[in-house]
Amino acid sequence: MSLQNTLSQHIKQAVSSVYDAQLETVEFQATRKDFEGDITVVVFPMLRLVKGNPVQIGEAIGNYLVKEVPEVSSFNVVKGFLNLVLSDAYFLDFFGNVSNFSKYGLVETTDDAMMVEYASPNTNKPLHLGHIRNVLLGYSVAEILKAAGKKVYKTQIINDRGIHICKSMLAWKRYGNNETPDSSGLKGDKLVGNYYVRFDQEYKKEIAALEASGKTTEEAKAEAPILLEAQEMLRKWEAGDKETVDLWKMMNGWVYKGFDTTYKTIGVDFDSYYYESNTYLLGKDNIIDGLKSGVFFKKEDGSVWCDLTEDGLDEKIVLRSDGTAVYMTQDIGTAIQRVKDQPDINGMIYTVGNEQDYHFKVLFLILKKLGFSWSQNLHHLSYGMVDLPSGKMKSREGTVVDADDLIADMAQTAQNISEELGKIDDFSEEEKEKLYRTIGLGALKYYILKVDPKKRILFNPEESVDFQGNTGPFIQYTYARIQSILRKADLNSTNTAVSFSQVVLQDKEKEVLKQLQLFPETVQIAAANYSPALIANYTYDLVKMYNSFFQNISIFGADTEEEKNFRVQLSGAVAEVIKNAFAMLGIEVPERM
């Protein structure tokens, strides 16, 4: 039973015996830093049942708890807040009872399965900074859900068809001279992306020429020969024209190879892949079934719609009058197909930018109306854009920040700062290179994940690699410092099944223990809210508290061997929690820095 549950029972008993009133709930909060105490009971809500002065009520409950609850050693009352001081024995018992901090806070996997979709790129360009936020969020949420006990399937849907890929294909066909990734030395996704930019350049030239001949801008955009040819190429692809399909397969193959390299560099993975070229015809049968059951209705022109006006939305088309699908149709079909493929799925999380908020409200509502039980557990992990100090990115103009270039730049920034600090002179070149990548990637991931997903981010690479403040490298450095302490102590730091009955806790040690206690609950709350930011900021708080302990209390200069062992093992426990928390964020921790 948790401390709060234990205290709640005793507080209810106190109110019952002293005031003859039956309290239903007890409200707790963290004790403010300027007051003594480890946990605070809020007295004000009790005044609905108990008449009297809140300070006197707090005093009466405090006296009862000191007498009846061994964990409570003393108390103080400030206005309507009862601040409880917990005994050293309570904290030391907690610490001694965790048999292995390497598993602490992690729950064994249950049969409750969720699918998390992330990445979902187009095959006409390489991954960029916007994709990085998507990929990092989706992967991290999947790992947090796993840590919280869920069975997780990681997936993505690849947008591998449509006019965008035909634009790259046509530009390569016209201007490529049979260039390949091997002949050019370029990654396949970069090569294809270059031809997408080239298409846009040629398209703009043709528009300008048509405008000069007297066409309006709208006419020029619609009648540019290169666009008409790309549209014809799309029609040929849909008709199964062999030459077009072969070109499509070859260029998409280049892109997939490039994507895989980037995913490997970033350190993310997937359990399954869905391709829009396979899923774009899904959903039509479900629409027909929904028509029969009255979920959808047909208009005079033959188009099929869903009326969501009673739900505060509008009417949504799901099949055009010619029987062709819209995006909503295939999203309905793909969701249903995924549950057919993995029948144990109880829900799905879609990691998609906030410009699609309305789309997902409609999708989830339609799936509920179609009667699927798992539709109650659908979540849109909506996130804001990532900006750079230089401004907004545009793919077709070639002004995006390429993911591979950004990762390389982050490693270079980490190298520059590490060399300035001069702490790795004894590392081999290979060790240095690995460390720069670990720090650079850790800085990038942490900077993006510490922010609430819904907020827009201004990404500053220099700021992210700072070794001070709320950054990945600051936390990585603390982990490495603890590893140095453990090597010096030469103890199995995770074996805490030892009695520390003679240890008298200092306030700084107590703060670290209190923060460690919060980890399992933080994992569960982060999973419930699909929020890596909660894990990131919990870890930063833990590290701040540990560093304050480290700077104020001597580990190896302790008065007794028991105190020294306790402080070493406390350090080891902090390191394990940092490692587990950062694993949920997809961040590695170095043994030395």
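Is C166 buried or exposed? I looked this up and found 2% relative accessibility, so C166 counts as buried (buried is under 20% relative accessible area, exposed over 50%, partly exposed in between, with a 1.4 Å probe and protein chains only).

I note that this is a predicted model, in which local features need pLDDT of at least 70 and side-chain atom pairs count only at pLDDT 80 or more, while totals for chains, interfaces and linings use all residues. Residues are numbered from 1 along each chain as its sequence is written, and side-chain values use heavy atoms, with hydrogens and water left out.

I looked up C306 next, and at 0% relative accessibility C306 counts as buried. I then asked for disulfides, taking a pair of cysteine sulfur atoms within 2.5 Å as the rule. The count by this rule is 0 disulfides.

Entry: helix α13.
I took helices as DSSP runs of H or I with at least four residues, and strands as runs of E with at least two, numbered from the N terminus. Helix α13 covers residues 327-341, which is 15 residues. From first C-alpha to last, α13 reaches 21 Å, close to the 21 Å expected at 1.5 Å a residue; the expected span is 1.5 Å times one less than the number of residues. How many residues of α13 are buried? I found 11 of the 15 buried, so α13 is largely enclosed by the rest of the structure. Among the buried residues of α13 I listed D331, R338, M328, I332 and V339.

Entry: strands around β2.
Strand β2 spans residues 39-42. I39 and V41 point one way from β2, T40 and V42 point the other way, and all are buried. I counted two strands as paired if DSSP finds at least two bridges between them. Strand β1 (residues 28-29) runs antiparallel to β2, with 2 bridges joining them. F28 has V41 in β2 as its bridge partner. Strand β4 (residues 81-86) also runs antiparallel to β2, joined by 4 bridges. I39 stands opposite L84 in β4.

Entry: salt bridges.
Side chains of opposite charge can pair when their charged atoms come close. My rule was a side-chain nitrogen of Lys or Arg within 4 Å of a carboxyl oxygen of Asp or Glu. By this rule I have 33 salt bridges.

I checked E143 with K146 and read 3.2 Å between the closest N and O atoms. Both lie in helix α4 (residues 129-147), 3 residues apart, about one turn of the helix. E143 is buried at 16% relative accessible area, whereas K146 is partly exposed at 34%.

Where do D269 and K154 lie in the chain? I first noted their salt bridge, with the closest N and O atoms 2.8 Å apart. D269 is in the loop between α10 (242-266) and β7 (272-275) and K154 is in strand β6 (residues 151-158), so the pair links distant parts of the chain, 115 residues apart. D269 is partly exposed at 39% relative accessibility, and K154 is buried at 2%.

I also looked at E561 and K564, whose side chains meet in a salt bridge at 3.3 Å, N to O. Both lie in helix α22 (residues 561-584), 3 residues apart, about one turn of the helix. E561 is exposed, with 51% relative accessible area.
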